[in-house]
Amino acid sequence: MAKKMGYDGLELACWGDHFDVVKGAESVEYCDEKKKLLADNGLQVWAISNHLAGQLVCDPNDARADGFGPADAAGDPEKLRAWAIETMKLTAKAAKNLGISVVNGFTGSSIWGAFYSFPPWTDDMVADGYKDFAAKWIPILDVFVENDVKFGLEVHPTEIAYDTYTALAAVEAVDGHPAFGINFDPSHLVWQMVDSADFVRSLGDRIFHVHMK
């Protein structure tokens, strides 16, 4: 939580009863009701967070992911993925209706296991992982552009970007897509012994949102 213009600002989660992205994408009235509820309590929203759906876009979607999506998709990795892709597109539309310009979240990764493995992964296998990320996320990011909203990846272990080098590689993989950037949360970098100041110097123009903990 941070201070801005005398108000406490927060980020709404897109799960539980916090914020329903389907309703948000369909109804400005629903979004207005959420904003009024916050305002009545001295709060305003600056971003929404859809980490769980985002994770399913590129992940293998094994049994650990079943609780992240609808019950009827449990046990079906590709059904979970299709739901996640559509949900992330709806999240961009919901953000627009809510009057905000940033959605934060995860992307998932088909190659996180390559961080440490034996037998070692080849360079081509890692490159294919970034191609997979780009193929799945560019159509989502295009919807973000259509709605004048940006996506901030929370750089984090298990994501396509977990440090400075992989974050730069992710930006390159989507050819510098204008909707793709970073939700800067240095706590995740500190635990990996990543220099957060160097991260900001390297990716400053891609930092769309900041988490403070």
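Colleague: Before we start, which pLDDT do local features need here?

Modeller: Residues are numbered from 1 along each chain as its sequence is written, and side-chain values use heavy atoms, with hydrogens and water left out. In this predicted model, totals for chains, interfaces and linings use all residues, side-chain atom pairs count only at pLDDT 80 or more, and local features need pLDDT of at least 70.

Colleague: Good to know! Is Asn147 buried or exposed?

Modeller: Asn147 belongs to the loop between α5 (123–146) and β5 (150–154); helices (H or I, at least four residues) and strands (E, at least two) are DSSP runs, numbered from the N terminus. Buried means under 20% relative accessible area, exposed over 50%, and partly exposed in between (1.4 Å probe, protein chains only). Asn147 has a relative accessibility of 11%, so it counts as buried.

Colleague: Which backbone oxygen does the side chain of Asn147 reach?

Modeller: Not counting residues up to four places away in sequence, Asn147 touches Ala92, Lys93 and Lys96, where contact means heavy atoms within 4.5 Å. A polar contact is a pair of N or O atoms within 3.5 Å; within protein, one must be able to donate a hydrogen and the other to accept it, and residues adjacent in sequence count only if both atoms are side-chain atoms. At 2.8 Å, the side chain of Asn147 reaches the backbone oxygen of Val143.

Colleague: Now helix α4: which residue's backbone oxygen lies 3.3 Å from a polar atom of the Lys79 side chain?

Modeller: Lys79 is in helix α4 (residues 77–98) and is partly exposed, with a relative accessible area of 37%. Leaving aside neighbours within four places in sequence, Lys79 is in contact with Asp72 and Ala73. The backbone oxygen at 3.3 Å is that of Asp72.

Colleague: And what is the relative accessible area of Thr87?

Modeller: Thr87 is also found in helix α4. Beyond its neighbours within four places in sequence, Thr87 is in contact with Val21, Asn50 and Ala53. Thr87 is buried, with a relative accessible area of 7%.

Colleague: Last one: just after α6, which residue takes a positive phi?

Modeller: Helix α6 (residues 164–173) has buried residues Thr164, Thr166, Ala167, Ala170 and Val171, and what covers them includes α5, β6 (180–184) and α8 (196–203). At the start of α6, a side-chain oxygen of Asp163 reaches to within 3.3 Å of the backbone nitrogen of Tyr165. Just after α6, the positive phi, about 55°, is taken by Asp175.
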